[in-house]
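The following exercises are to be worked through with the sequence and the coordinates at hand. Each task is followed by its solution.

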Amino acid sequence: GSDKDKRIFLRAARTVDYGALMEVMNALRGAGYLKVALVGLESGDSK
């Protein structure tokens, strides 16, 4: 959608390269999505 005021939540597996995650975040910011949050897994979730 085009609602750039919505918050976007990102969650990535531990195997995802940090640089790749930062590229996604920078692409979102460049597209005007400024409300981006990282979501952590709960301690019991290791998958």
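**Exercise 1.** Against which strands do the buried residues of H1 pack?

*Solution.* The model is a predicted one. Begin with the order of elements: from the N terminus, the protein chain runs β-α-β, with one helix and two strands. The buried residues of H1 pack against strand E1 (8-10) and strand E2 (36-38). Met25 illustrates this packing: apart from neighbours within four places in sequence, Met25 is in contact with Leu10, Val36 and Leu38.

**Exercise 2.** Determine whether the length of H1 agrees with its number of residues.

*Solution.* Take 1.5 Å a residue; the 13 residues of H1 should then span 18 Å.

**Exercise 3.** Identify the buried and exposed residues of H1 and state how the buried ones are arranged.

*Solution.* Buried means under 20% relative accessible area, and exposed means over 50%. Leu21, Met25 and Leu28 are buried in H1. These residues lie on the same side of H1 because they cover an arc of only 60 degrees around the axis. The face turned away from the buried side carries the exposed residues Glu23, Ala27 and Gly30.

**Exercise 4.** Which residues form the largest nonpolar core, and which element gives the most to it?

*Solution.* The core has five residues: Leu10, Leu21, Met25, Leu28 and Tyr33. Helix H1 (residues 18-30) gives the most, with three residues. Across the 47 residues of the protein chain, 13% count as buried.

**Exercise 5.** Describe what caps H1 at its N-terminal end and what follows the helix.

*Solution.* At the N-terminal end, Asp17 is the cap, with a side-chain oxygen 3.1 Å from the backbone nitrogen of Gly19. H1 is followed by Gly32, whose phi is positive, near 100 degrees.

Notes
Residues numbered from 1 in each chain as written. Predicted model: local features only at pLDDT ≥ 70, side-chain atom pairs only at ≥ 80, totals over all residues. Heavy atoms only, no water. Helix = DSSP H or I, 4+ residues; strand = E, 2+ residues; numbered from the N terminus. Buried < 20%, exposed > 50% of the residue type's maximum accessible area, 1.4 Å probe, protein only. Core = buried A, V, L, I, M, F, W, Y, C linked by side-chain atoms within 4.5 Å. Contact = heavy atoms within 4.5 Å. Expected span 1.5 Å × (residues − 1). Arc of directions from axis to C-beta. Polar contact = N/O pair within 3.5 Å; in protein donor to acceptor, adjacent residues only side chain to side chain.
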